[in-house]
Amino acid sequence: MLKELEIKNFALISQQRLVFSSGLSVLSGETGAGKSIIIGSLKFVAGAKADTNSIKSGSDKCEVRAFFVIKKSAELLEELEAAGIEIEDGNDIELILFRSVDISGKVENRINGKSVTAGMIKTIGSLLVDIHGQHEQQKLIDVKKQLEILDAFCGKEVEDIKSAMAVQISKISEANRQIKSLGGNEEDRARTIDFLKFQITEIEEANLKTGEEEKLAEKKTIMLSSGKVSTAVAEAKRAFDGAEDYSTNGVVKAIEDAISQFSLIKNYGEEYANILERLQTLKIDSSDIASEISGIDVPEFSEKELDKIEERLNIYKTIKRKYGNTLDDVFAFLQNSKDKLEKLENSEELLKKLTEEKSHAHSLYLASATRLSILRKKKAKEFEAQIKMELQTLGMEKAAFECKVEPVLKESAISKNGIDDVEFMFTANVGHPLKPLSKVVSGGEMSRLSLTIKTILKSNSSGQTMIFDEVDAGISGKMGQVLSEKLANISRGEQVIVISHLAQIVSMADHNFIISKYEENQKTVSKITELKTEEEVLLEIKRLAGAVEGSLYGTSLAKELKDRANLFKLKG
């Protein structure tokens, strides 16, 4: 139940706090006063798309806060847990939904002070508020919604059957998962085994070795540079040893000549002796280097050998492209494939067992789904009869309605909703064929049909706050009285809030609110006021009844409507 609604800078409302109670609350007012603002603010706080156009002119942000007290349900608890909202012990749940949007489009979503996503607040909001306006009524056209409505009418027995179906669906899914891990059915399994064997053979025949690829790559580089190496070595050798085509001696011969000269003068000074010593050391090093250069094995270029290296490197490249970025990845893939193959080759008995379990679970599922289908067809007839009867009381005596239930799923298919499709067929006129709602129903007819369904399902109430907007469109006179009585009946089991312009509905209210519009600081604003006294309520009924100010007849009519409404509620 919605207990409080606080609105700040939303549309034409500067700041407003409304307190609601159980039963039937009716909001009325002059056309254009802003009755739709209440619906808009509730839609917004319950998760509708945030729109910066909702921000009151001259403000930079709008806020809506709604306080709910609702009985615990498995679905609501599941969604609250998913959103990370902690709930205290007890039968009722207290929830504060808060949303704001600023002129930059930044949206804040909170539940009990905890920040949540827009999707979370929308999901939870849909379990708290059920808004019936022209847009929401159009949902009736969706055959999925029609299936939900029929199942709600069928009651707890449907829930029990669906629970049994869910158990079997879970078993089927688990069996499918395990069968898939074993390669699927016999045909799929055989294909998987062949493919695994091919992969294993391809990797093993490649005879990959750790470090081989790097060595081959290095050797390839050397072979491709063998010409440069040969030239460099030969030139270095001539530089050290000298050669016939050189005009000067080599490095070693030059050092020996220097040693001979400094040997002649070593006794003439310490510095000459030191240079001689260094030249002798240099000769030893130069001789060693010359010897090493002479011993270098210059690689010979072989196109045939290079082709073999290329071929081997391509094998590494192909295997790694197919089975892993690194050699370790390839070896891990190989071991994993061997493990899978071993499991598949030894899984015939397990596969047979899983297939039998799946078949058994599917048989039980079909049995439950068939039982559900039979129940739906039986209850559909009762649903049709009640719809027709309710439509007659709303002035649609000639309307015909059919709830068509047809099994559509193949035997191999499974669905949490069973095997049926449900579709509502309707015609408002005698002699016209029944057609799907989307083909024939008008806005006014849809409004009455929506109310009729809610009236029938009131015993299956989810505890949501029900809000009706424009439910009285195209209705007046006697039908207005019938409509007011239906709304009163629904409100006996749950909180109902109605936006209305009908005197009959206003007179039936347990709580009356009036929406007015006026100018403040050269700006138009709307204000909602609860009518506290009987006199205030009678004045509003009189105004909606069309009586002129001061009319005694209008006052008498208003009192008669209110007395009639009070008597109806007393008889309830």
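# Briefing: charges, turns and overall shape

Glu 94 sits in strand S5, which covers residues 92-102 (helices, H or I with at least four residues, and strands, E with at least two, are DSSP runs numbered from the N terminus). This is a predicted model, where local features need pLDDT of at least 70 and side-chain atom pairs count only at pLDDT 80 or more, while totals for chains, interfaces and linings use all residues. Residues are numbered from 1 along each chain as its sequence is written, and side-chain values use heavy atoms, with hydrogens and water left out.

**Overall shape**

- The protein chain has 20 helices and 15 strands.
- Its radius of gyration is 45 Å, whereas a compact globule of 572 residues would come in near 25 Å (taken over C-alpha atoms; the globule rule is 2.2 Å times the number of residues to the power 0.38).
- Along the principal axes, the C-alpha atoms fill a box of roughly 150 × 75 × 50 Å.
- Of the 572 residues in the protein chain, 39% are buried (buried is under 20% relative accessible area, exposed is over 50%, and partly exposed is in between, with a 1.4 Å probe and protein chains only).

**The negative patch**

- Glu 94 counts as exposed because its relative accessibility is 53%.
- Glu 94 gathers with Glu 88, Asp 89 and Asp 92 in a surface patch of negative charge.
- Patch members have over 30% relative accessible area and no salt bridge, with like charges joined within 9 Å and nonpolar side chains (Val, Leu, Ile, Met, Phe, Trp, Tyr) within 5 Å.
- Asp and Glu count as negative, Lys and Arg as positive, and His and the chain ends are not counted; each charge is placed at NZ of Lys, CZ of Arg, CG of Asp or CD of Glu.
- Accessible areas are Shrake-Rupley values with a 1.4 Å probe, and for residues only the protein chains shown count as cover.

- Asn 9 is not a glycine, yet its phi is positive at about 55 degrees.
- Asn 9 belongs to strand S1 (residues 2-10) and is buried, since its relative accessible area is 16%.
- Asn 112 also shows a positive phi in a residue other than glycine, near 50 degrees.
- Asn 112 lies in the loop between strand S6 (107-111) and strand S7 (114-115), and with 36% relative accessibility it is partly exposed.

**Salt bridges**

- The structure holds 28 salt bridges (a side-chain nitrogen of Lys or Arg within 4 Å of a carboxyl oxygen of Asp or Glu).
- In helix H10 (residues 251-265), Lys 253 and Asp 257 are four residues apart, about one turn of the helix, and their closest N and O atoms are 2.9 Å apart in a salt bridge.
- Lys 253 is partly exposed at 36% relative accessibility, and Asp 257 is partly exposed at 33%.
- Glu 382 pairs with Lys 379 in a salt bridge with the closest N and O atoms 3.6 Å apart; these two lie three residues apart in helix H14 (residues 348-393), about one turn.
- Glu 382 is partly exposed at 33% relative accessibility.
- Glu 560 and Arg 564 meet through their side chains in a salt bridge of 3.3 Å, N to O.
- Glu 560 and Arg 564 are about one helical turn apart because they sit four residues apart in helix H20 (residues 552-571).
- Asp 151, Lys 162, Arg 376 and Asp 420 form one network, joined by salt bridges that share partners.

- Thr 529 is in strand S15 (residues 523-531) and is partly exposed at 32% relative accessibility.
- Thr 529 and Leu 394 are 135 residues apart along the chain, and their C-alpha atoms are separated by 31 Å.
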